[in-house]
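Good morning, and thank you for coming.

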Amino acid sequence: MKENAKKFELPFHVVKRSTIPVWKSMLFRVIAVVAALLLCSILSLLMIDANPFKFIVTMFDGAFGSSRRIWKFAKDACVLLCIALAITPAFKMRFWNIGAEGQTLIGALAAVAVVIHGKGLPNWLLLVLMFLAAILVGAVWGGIPAVFKAIWGTNETLFTLMMNYVATGLVSYYLLLWTPSGSSVLGRLDQGHLPILGHEYLLLILLVLLLTAAVYVYQKYTKQGYEISVVGESENTANYIGINVKKVIIRTMLISGAICGFAGFLIVGALDHSVAVTSVGGMGFTAIMVSWLAKFNPLIMIGTSAFITFLDQGAAQVTSTFNVDSAFPDMVVGIVLFFIIGCEFFIHYQLKFKTREEAAIPAPIKSEKSESEGGNA
Amino acid sequence: MFKKVLSLVLALVMVSALAVSFTSCGKKAVADMTGAPLAAVELKKDFDVPADFKIGIICLHDEASTYDLNFINGVEKIKTVLGLTNDQVIYKKNIPESAACTEAADDLVDLGCKIVFANSFGHESFLLASAKKHPEVQFCHATGTKAHTENVANFHNAFASIYEGRFLAGVAAGLKLNEMIADGKITAEEAKIGYVGAFTYAEVISGYTSFFLGAKSVCPSVTMEVQFTGSWYDEIKEKEAATALINNKCVLISQHADSMGAPTVCEEKGVPNVSYNGSTEEACPATFIVSSRIDWAPYYLYIIKQVCSGAEIDTDWTGTVATGSVVLTGINKTAAAEGTFEKIQEIAAKLKNGEIEVFDTDTFTVGGNKIADDHKADVDDFGDYVADTDVVENGAFEESKFRSAPYFDLRIDGIKLLNEKF
């Protein structure tokens, strides 16, 4: 064994695939998820002494176990989808907006501010004002880093990230202002509730699905959508064909921020009726995953956000049913996502195994070459 | 050959380093715990629990938070006393103070829970929303303020007269300061306590004030500085606050925030610590003195008994030393001053027979003046933040009498708030 290790040589080459049929790439993804769940089941058996079958059943039970859970699942998936829709145009433009968390939170804050200062206004007017305030403030929050990027070329990743902290700080500040007792707990507000359409969550779900269609059309069939993808592919090309890159960057981020603000409005108007520093709860970051896994396609994002919501709720149910530490389900979610991202490698690259004769020839030069190829991949 | 020798040497070095580190661990202080200074109250099962009875517990965080752990320990204790199965006790952990709390409560009702309990102040309005939807289920909320004014028959608040426990823990702190003064480590004027608090509101203010008054009752020269973190659970901020206070020459630290941040810093720096929510003796054997905490087990026993026997649950329940709700952990003789155990028992007896009142208006001043006999506090929580109830009776501010959750929010002299806005 030791001798082998000295002359270690990968038994395969890594080769980039030219094309892969859709069914094959989907098959890879399904295999990845199944493999991940299998590994998680084994871990559950070893670590929390839970029957793997029961573990998987529990995951499904958490998301779909009762009609209430199904509604909650659909609602949560839609809120996450809404934020993912917001960041998608920006990401497609290769503008790394990791400030969705803050843009959503500040939108929620603006909506709550309207409710607090608009006591006595009729509900419909309150809702209109909340909506306008939330998308306006969200757009400003997204627009600031875009202006800096467009004009002075600042790094948008850091800038949007830092804006999250500013938003969190502002929420803390206003909570103190609005709660003279000092508790910083605003509680549920009585006004500014969105009307209930059949089911509590139905209106929210419909709104988000409409928005999904709108973003899909915007990206695929409008001139602005085309401009976004050209800027994303190459700024030089965009300049060459006469696209005003600065304008596109700022415009796209205004839209991105406004949709985040809309998500904040939904959180306040349809769900929490309140705001806290944890109101968005990390969804601004999870949304990046949703968008990325779907290759920025809004229709596929319905599936990816549903999948990630399923993992979250299934994992939470595992904690409750098996009464284990919440670190365990977090680990499960991590493993599944890792497998999915890992399988992208196999979708884009292929492993070509060497024949026996090739492998038998001790060729140091060749081995270096194959290793370096593996590294590049 | 050379490689083999080298690896052998390296291995030897590592083993000896390990051995050294183990022996130095061995030299580390060991906590030397006494029993609990307050008499334990026995919890008995004197009623039948139907097989289909279920209780749901909603926690803001999980066991990593000392606050939530204290609730979970209480549930587990009652589970053992009543012989409940795992299926009869359903936990929902890491539930934020948002619509997620309403959803968790609704889900617990769907699962057949007869009682839904939530443990965080901010859960209240969201739990209330669920309570209004399910009148057949009892909703119990710890630390809340709204039950006695909302008139929702199945919604209840609970808390405990923890200020008594804080006062007694303060006595332990005062005795420690006296010992430091007697040993010549500090002068009487340097007896300054540092306190890490979460938010500047009644629950925290009442807690640190009663703690301070307890220390002052045995060490008259004591002063205190309070640093707020603006969060209930933020280990880094709590560490920073404790470090800042220690650098500011505070010689003893206590805290009311839910992570292990402050006690850990105290152990590292060798500064004595009076804890809250539970013992930190394992992590901090050299510096942990004592901890006061609310034992929620008696309340769980009470609500389960009421529900199982078809009786009403009090709208606003206040646990006391007598119900076994206000408890102190054992005292760590390694860190505490001599005679702490006896002194705490002596003062506890006086609190019981009314000889001492924690918020005796003769023992503290606000802005240099004694508070008026018709002083009012905001007891009825209509969201208006108006002081509406006379709270001074017979020369003492009566905390937890007009509602269970604390309402003492005076900034008394001798305590300096370093960052009032948190």
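This is a predicted model: local features need pLDDT of at least 70, side-chain atom pairs count only at pLDDT 80 or more; totals for chains, interfaces and linings use all residues.

The buried residues of helix 7 of chain A are covered by elements that include helix 5 (100-117) and helix 6 (123-152) of chain A. Helices here are DSSP runs of H or I with at least four residues, strands are runs of E with at least two, and both are numbered from the N terminus. A residue is called buried if 20 or more other C-beta atoms lie within 10 Å of its own, exposed if 12 or fewer do, and partly exposed in between, with C-beta atoms placed from the backbone. By that criterion, the buried residues of helix 7 of chain A are A:E156, A:T160, A:M163, A:N164, A:A167, A:V171 and A:L175.

Residues are numbered from 1 along each chain as its sequence is written, and chains are lettered from A and ligands numbered from 1 in the order in which they are written.

A:L161 counts as partly exposed because it has 18 C-beta neighbours inside 10 Å. Leaving aside residues up to four places away in sequence, A:L161 touches A:I98 and A:G99; contact requires C-beta atoms, placed from the backbone, within 7 Å. A:L161 and A:P145 are 16 residues apart in sequence, with their C-alpha atoms 9.8 Å apart in space.

Let me turn to chain A as a whole. Chain A contains 16 helices and two strands, and 41% of its 377 residues are buried. Chain A is divided into domain 1 (11-44 + 327-377) and domain 2 (66-324), with bounds that come from an automatic or database domain assignment. The C-alpha centres of these two domains lie 34 Å apart. Their contact takes seven residues from domain 1 and nine residues from domain 2 of chain A. On the side of domain 1 that touches domain 2, the residues divide into seven nonpolar, no polar and no charged. Nonpolar means Ala, Val, Leu, Ile, Met, Phe, Trp, Tyr, Cys and Pro; charged means Asp, Glu, Lys and Arg; the others, Gly among them, are polar.

Next, the partner chain. In the interface, 26 residues of chain A are in contact with 30 residues of chain B. Helix 4 of chain A gives the most to the side of chain A that touches chain B, with three residues. That side divides into five nonpolar, 15 polar and six charged residues.

Chain B itself comes to eleven helices and 17 strands, and 52% of its 422 residues count as buried.

Finally, confidence. The model scores ipTM 0.84 and pTM 0.86. For pLDDT, the predictor's confidence in each residue from 0 to 100, chain B has a mean of 91, and 93% of its residues reach 70 or more. Within chain B, confidence is lowest in helix 1 (residues 2-27), at a mean of 58, and highest in strand 3 (residues 115-118), at 98.

Methods
Two residues are in contact if their C-beta atoms, placed from the backbone, lie within 7 Å.
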